[in-house]
Amino acid sequence: QVQLVESGGGLVQTGGSLRLSCAASGRARSSDAMAWFRQAPGKERDFVAAITTAIGNTYYADSVKDRFTISRENAVYLQMNSLKPEDTAVYYCAAKTRGSSYYSKENYGYWGQGTQVTVSS
């Protein structure tokens, strides 16, 4: 059974912080990387950040660099600081199962159910 469960979303004011968590079980735990994507209403699901399982190399979208930090211990975390209204979206945790690019959602075969992040202005 593969399962990714996100938590930590919510409503926050501009400039605030949130920390998302993703607990993985089953085959998702053996993937070579974990990532966060986000999807705003009416928009594509976009890459946010990824972290490799073995070494912990990290990758970020330009829009979140220097504000968001991805990390892993027993779970995968996304620390989000200096939040902006444009960060409002459903955030999804994903486990990479194919391909070489960490940025492409097509390379992620396991997904969580998503957690809503809303940043008020």
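Which side chain meets Asp62 in a salt bridge? The side chain of Lys65 does, at 3.2 Å, N to O. The legends below take this pair and other sites in turn.

This is a predicted model: local features need pLDDT of at least 70, side-chain atom pairs count only at pLDDT 80 or more, and totals for chains, interfaces and linings use all residues. Residues are numbered from 1 along each chain as its sequence is written, and side-chain values use heavy atoms, with hydrogens and water left out.

**View 1. The salt bridge of Asp62 and Lys65.** A salt bridge here is a side-chain nitrogen of Lys or Arg within 4 Å of a carboxyl oxygen of Asp or Glu. By this rule the count comes to six. In this pair, Asp62 is exposed, with a relative accessible area of 66%. Lys65 is partly exposed, at 41%. Buried means under 20% relative accessible area, exposed over 50%, and partly exposed in between (1.4 Å probe, protein chains only).

**View 2. Asp87 and Arg38 in a salt bridge.** The closest N and O atoms are 2.9 Å apart. The pair links distant parts of the chain, 49 residues apart. Asp87 sits in the loop between strand 8 and strand 9, and Arg38 in strand 4 (residues 33–39). Strands (E, at least two residues) and helices (H or I, at least four) are DSSP runs, numbered from the N terminus. Asp87 is buried, and Arg38 is buried too.

**View 3. Asp87 and Arg67 in a salt bridge.** Here the N to O distance is 2.8 Å. Arg67 lies in the loop between strand 6 and strand 7, and Asp87 in the loop between strand 8 and strand 9, so the pair ties together parts that are 20 residues apart in sequence. Both residues, Asp87 and Arg67, are buried.

**View 4. The network of Arg38, Arg67 and Asp87.** Salt bridges link these three residues in a network. Asp87 pairs with Arg38 and with Arg67.

**View 5. Positive phi at Asp66.** Phi is near 75°, a positive value in a residue other than glycine. Asp66 belongs to the loop between strand 6 (58–60) and strand 7 (68–72). Asp66 counts as exposed because its relative accessibility is 79%.

**View 6. Positive phi at Ser82.** Ser82 is not a glycine, yet its phi is positive, at about 50°. The residue is placed in the loop between strand 8 (76–80) and strand 9 (89–96). With 43% relative accessibility, Ser82 counts as partly exposed.
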